[in-house]
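Hi,

Here is the structure I promised to pass on to you.

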Amino acid sequence: MFETHRLIVWKVISYWLKNSQSAPYPPGPKPKPLIGNALDLPTSSSPEMYVEWGKKYQSDFVYASALDADEILDRRARKYSDRPALPILKLMDWEWNLASQRYGASWRFHRTICQQNFRAVAARDYYPPILEKTHEMLHRLLEDPDNFEEHNKMLSISIPMMTMYGYEVKSFQDSCIVAADESLRLGASLLLPGGTWINVIPALRYIPSWFPGATARRDAAKIRELTKEVQRIPLEFVKKEVENGTAIPSFVSNFLRKKRNAGALQAEEEAVYNIANTVCSAASDTTISATSAFFYLMAVNPDIQRKAQAEIDRVVGTNRLPDFEDRASLPYIEALYREVLRFAPPIPLGLPHALTEDDYYKGYYIPKGDTVVLGNIWAMTRDEDLYPDPLKFKPERFLDKDGNVNDDKRVLAYGFGRRVCAGKYIASATTWIVMASVLACFNIEKAKDEFGNEIGIKDDYDDFGILRHKSKFRCSFVPRSLVAKQLIQEAK
Ligand code: HEM
């Protein structure tokens, strides 16, 4: 599905007055005087609600179609690669964050650095720490299986901290993690287009934070303080390590060494720090979401789990743990990885795109400025034409008749066009190796009650602003063999 909404009040009204275009705006709820669509916008991710709108406002502005996303967000990417100007970002001091930066020279400069460091070949440099953290998670699952959610969270936070700064996260009480958690918790909902009235009526940002009801203003001030800590702590750490000559390779330490040897422009230095910090927030909750969906889907689909394990046993054997080099030889695991991200995309509505030029599409006028364009990933991954029987979890849909992976390589969960996930190769490597490693060592089973009956798990999810996580559930991680246990112990 694909939706546009005219977001900001004053502009909406002026669009009404000035729409001298012969083409109408795309359909949707009728904007109200003064507040436009503000009350219609969801305060959580709600991809389902947009699908309902699609049916209700029946239009030929095709809903639930990845083809429209391809046409608009990919082929017309030159026009559709901006982000909406959310006034709350300035108050939160998050304008530096790559994911929310406006389209322009600074964003392009940041993306070039990402491309150099995170493209498919460069992403391989991060394999060793990703593998090490995955093995640490296996060890935790072995020692303390009931707390699998905590281990997943530790894995998902410690990989970006290690790969970006060489910073070892020892516990959730680490002051950097506490600050990051809190700022992300507060920020995730404020960032939705309908998340705060300040995004609708920018003048509200001038209301002092002590004013009754100015919650968003107060949250934004808190986020500002927390963000400073999240930036300061790992950066001071890595700078000291480089000075002492004890730094391990990481995105920032590599840059600092290069700067010491050959110098660097201030703009590059700032961009490297911005990217490292963006990655820590962009990588952690998305990985938590993908991994917990995988655990859940394995627990409720034992037959699929057995097939995946049989492939690993056949190709990798049972005397070693899987490695990245095995990936090309494990088509079923590849299909499983694609199917998990299809079934449970961590950011179901993607991140909002905005236009830098007016456009026309399928007879509708889409004005630049305040129009928010959302690619409804959740709806696209449920499009019957692309994925027959879409509510069924079925890795085979990504295999051809000979059991090889088919051509449907595109993972919609990573978003669209020029703003597509900048870390998708690292994300893919992480998610894949976690799946292969856990399946090699454990049977993931439904938990049992005191009478030995299996406890059911509902297919429900919690929305955290732009993110969606599998809601809390219980399951068991049972080591598959003594050898598997030994391999985990030796790998640590
Ligand atoms: C399973 C894990 C992940 C998923 C599902 C995911 C998904 C996404 C999505 C949907 C977007 C927005 C794309 C758009 O605007 O159309 C995005 C942006 C981004 N992602 Fe990821 N991501 C994941 C992991 C990561 C990782 C591991 C990194 C870094 C190593 C990363 C870095 C970024 C950055 C920097 C952006 C902002 C790009 C921009 O605005 O130009 N992500 N991601």
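Three helices each give at least two residues to the shell around the ligand: H5 (105-118), H12 (266-300) and H16 (424-441). The largest share is from H12, which supplies five residues. Keep in mind while you click around that this is a predicted model.

How many residues surround the ligand? There are 24, and the closest are Arg83, Trp107, Arg111, His353 and Cys421. Sorted by class, the shell has 16 nonpolar residues, five polar ones and three charged ones.

Next, zoom in on the oxygen atoms of the ligand. A polar atom in the side chain of Arg83 sits 2.8 Å from a ligand oxygen. For His353, an N or O atom of the side chain is 2.8 Å from an oxygen atom of the ligand.

You can find Cys421 in the loop between helix H15 (377-380) and H16.

Now for some backbone angles. Most residues other than glycine have a negative phi. Look for Asp93 in the loop between helix H4 (87-92) and H5. Is Asp93 buried, exposed or partly exposed? Its relative accessibility is 34%, so Asp93 counts as partly exposed, since that class lies between the 20% and 50% cut-offs.

Lys362 is another residue of this kind: it is not a glycine, yet its phi is positive, near 50°. Lys362 is in the loop between strand S3 (359-361) and strand S4 (364-366). Lys362 counts as partly exposed too, because its relative accessibility is 39%.

Last stop: a hairpin. Strand S7 (residues 461-464) and strand S8 (residues 467-470) pair in the antiparallel sense, over four bridges. In one of the pairings, Phe464 has Leu467 in S8 as its bridge partner. What lies between S7 and S8? Two residues do, and Gly465 in that turn has a positive phi of about 60°.

How values were computed: Residues are numbered from 1 along each chain as its sequence is written. This is a predicted model: local features need pLDDT of at least 70, side-chain atom pairs count only at pLDDT 80 or more; totals for chains, interfaces and linings use all residues. Side-chain values use heavy atoms; hydrogens and water are left out. Two strands pair if DSSP finds at least two bridges between them. A residue is near a molecule or strand if one of its heavy atoms lies within 4 Å of it. A polar contact is a pair of N or O atoms within 3.5 Å; within protein, one must be able to donate a hydrogen and the other to accept it, and residues adjacent in sequence count only if both atoms are side-chain atoms. Ala, Val, Leu, Ile, Met, Phe, Trp, Tyr, Cys and Pro count as nonpolar, Asp, Glu, Lys and Arg as charged, and the others, Gly among them, as polar. Buried means under 20% relative accessible area, exposed over 50%, partly exposed in between (1.4 Å probe, protein chains only).
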